[in-house]
Amino acid sequence: MVQHLSDLPYHIAKKKIPSANEQGVKTPPSSENGWKLEMFIFDAFCYSKKMVAFECLREEEFSPLKNASGAGKDCPETCLADICRLHTKYIVKAGGTILEEKGEAAFKPTLVEISPHLSYAGENLESHVKDKSFTAPVYIQ
């Protein structure tokens, strides 16, 4: 695949890039003022000898990280919220309950993590969480 790297196209992503004003203070732009050149994995598919695609639930298998912290979309905070939401779903499905600090059931993503050494996709959790309540933040290992 490396031999085809120069054949892959660049895709333009317009971005808001902060700059310094005359006083040297970081200033966020009001509109896109720069371009980011990106390469996508799917552009390499045509060079593969064998390829398989499978369909999955996006919220269970994919959370893009394309932007800096604080962007509000496709950033570290949204990735963290997505994985915590997924792990909460696994715990609830296995019979456990996640509580907020106030002791009320959590309906929004809170800090919840399941060690991948214990469970990759929610399997083998019942013996660890069934009929138990956990107060966020939660780390199950």
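**Close-up views of a predicted model**

View A. Cys75 counts as buried, at 1% relative accessibility. Cys79 is buried too, with a relative accessible area of 18%. The structure holds zero disulfides. Cys75 is in none, and the nearest cysteine sulfur, that of Cys79, lies 7.1 Å away. Because a disulfide needs two cysteine sulfur atoms within 2.5 Å, the 7.1 Å between the sulfur of Cys79 and that of Cys75 is too far for a bond.

**View B. The largest nonpolar core, made up of 13 residues.** Ile91, Leu125, Val129, Phe134 and Ile140 have the most contacts inside this core. Helix α2 (76-93) and strands β6 (112-114) and β8 (138-140) each supply at least two of the core residues. The largest share, three residues, comes from α2. In soluble globular proteins, nonpolar side chains tend to be buried together.

**View C. Surroundings of Ile140, one of the core residues with the most contacts inside the core.** Neighbours within four places in sequence are left aside here. Ile140 is then in contact with Ile91, Val129 and Phe134, among others.

**View D. Glu38 in strand β4.** The strand covers residues 34-38. Is Glu38 buried or exposed? Glu38 is buried, because its relative accessible area is 13% and the cut-off for buried is under 20%. Apart from neighbours within four places in sequence, Glu38 is in contact with Pro9, Tyr10, His11 and Ala13.

Terms used
Residues are numbered from 1 along each chain as its sequence is written. This is a predicted model: local features need pLDDT of at least 70, side-chain atom pairs count only at pLDDT 80 or more; totals for chains, interfaces and linings use all residues. Side-chain values use heavy atoms; hydrogens and water are left out. A nonpolar core is a set of buried Ala, Val, Leu, Ile, Met, Phe, Trp, Tyr and Cys residues joined through side-chain atoms within 4.5 Å. Buried means under 20% relative accessible area, exposed over 50%, partly exposed in between (1.4 Å probe, protein chains only). Helices (H or I, at least four residues) and strands (E, at least two) are DSSP runs, numbered from the N terminus. Contact means heavy atoms within 4.5 Å.
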